[in-house]
Amino acid sequence: MSRSSLIAQIKEKKSFLCVGLDTDITKIPEFLKEYPDPVFEFNKRIIDATADLCVAYKPNAAFYESRGVKGLQSLIDTYKYIPKNILSIIDAKRGDIGNTSDMYARAFFDEEASGMGFDAITVTPYMGNDSVTPYLKFEGKWIILLALTSSVGSKDFQYLGTPEGTLYEAVIKKANTWAGADRLMFVVGATKSTEFTDIRKYAPDNFLLVPGVGAQGGSLEEVCKYGITKECGLLVNSSRGIIYASNGEDFAEAARAEALKLQQQMQAELEKAGVI
Ligand SMILES: O=C(O)c1cc(=O)[nH]c(=O)n1[C@@H]1O[C@H](COP(=O)(O)O)[C@@H](O)[C@H]1O
């Protein structure tokens, strides 16, 4: 999906919500266990209930890979079910030497080879240029590079000083020489809202994928205060806060209600920032 289509979708839906499909088979409602693939059935109903409220879906690969062959099938079926006019992000956090990254890119981008043709993948920057650029060989696909993550452990390395500023600033500056804002996004945790002002100095046009609202306690309002741009420039993810809003028969309606709350807040922020 192109940058202009993503922005058009944001304006049309008045939303920059990404629904995280971190589907844990031990947490889904009991009655779904009767279906041949309970995880896919769960995702299908979540997608049906939220597709008009969000602009992206982000299955996290760990939740599928942990179930072996069955999990991979759930992931492939989920990828195929995500409507093609909604951005599909595989949250795989890959990063390896060039020829291995070629294979990861094929695994998640080359639908003919693997059954999956996601629009975007999360990638770790640690191994540098040759680990990141193979994904760019797939025309029109996005890399979402980890910059400043939401978790406590982000303090261990990401704030360390380098001649280019903190490590996360160095990542942003360097990566922006490898690709433009039409192919490259950065992950910045919602729990880091005050850092957004600095980040926008180095990434004025890049979309930022922002996890950490909902279950991790980040504030949408704070993120927007410092991070929103004239073209929005944000995709805010919530996984557990939406998909596990209820554990009963009404789980899909409850997920929709949570997604709607976020969409309404997002609409207000988009209006305030003059995006719509
Ligand atoms: O790359 C990510 O998406 C990510 C980066 C980060 O810094 N923090 C973070 O929580 N994530 C992912 O975002 C999702 C957050 O899920 P919830 O906390 O349940 O909304 C999970 O899939 C995490 O793996």
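Guide: A crossing of two helices is right-handed if the near helix is turned clockwise from the far one by less than a right angle. In this predicted model, the crossing of α11 and α13 is right-handed.

Visitor: Why are α11 and α13 called roughly parallel to each other?

Guide: The axes of helix α11 (residues 220–227) and α13 cross at roughly 25°. Angles under 35 degrees count as roughly parallel, and α11 and α13 are therefore given that description. Their axes come within 11 Å.

Visitor: Which residues make the contact of α11 with α13?

Guide: Leu220, Glu221 and Cys224 belong to α11, while Leu262, Gln265, Met266 and Glu269 belong to α13. By class, these residues divide into 4 nonpolar, 1 polar and 2 charged.

Visitor: Why are α2 and α13 called oblique to each other?

Guide: The axes of helix α2 (residues 38–50) and helix α13 (residues 251–272) cross at roughly 45° and come within 9 Å. Angles under 35 degrees count as roughly parallel and those from 65 to 115 as roughly perpendicular; α2 and α13 are therefore oblique. The crossing of α2 and α13 is right-handed.

Visitor: What makes the contact between α2 and α13?

Guide: From α2 come Phe42, Arg45, Ile46, Ala49 and Thr50, and from α13 come Phe251, Ala252, Ala255, Arg256 and Ala259. The contact of α2 with α13 has 7 nonpolar, 1 polar and 2 charged residues.

Visitor: How do you know that α2 and α4 are roughly parallel?

Guide: The axes of α2 and helix α4 (residues 68–81) cross at roughly 20°. The limit for this term is under 35 degrees, and α2 and α4 are therefore roughly parallel to each other. The crossing of α2 and α4 is right-handed. Its contact involves Val39, Phe40, Asn43, Lys44, Ile47 and Asp48 of α2 together with Ser74, Asp77, Thr78 and Tyr81 of α4.

Visitor: How many residues surround the ligand?

Guide: There are 17, and the closest are Asp22, Ser150, Gln216, Ser239 and Arg240.

Methods. Residues numbered from 1 in each chain as written. Predicted model: local features only at pLDDT ≥ 70, side-chain atom pairs only at ≥ 80, totals over all residues. Heavy atoms only, no water. Axes fitted to C-alpha atoms, helices over the stretch in contact; angles between N-to-C directions. Helix = DSSP H or I, 4+ residues; strand = E, 2+ residues; numbered from the N terminus. Parallel < 35°, antiparallel > 145°, perpendicular 65-115°, else oblique. Contact = heavy atoms within 4.5 Å. Nonpolar A, V, L, I, M, F, W, Y, C, P; charged D, E, K, R; others polar. Near = heavy atom within 4 Å.
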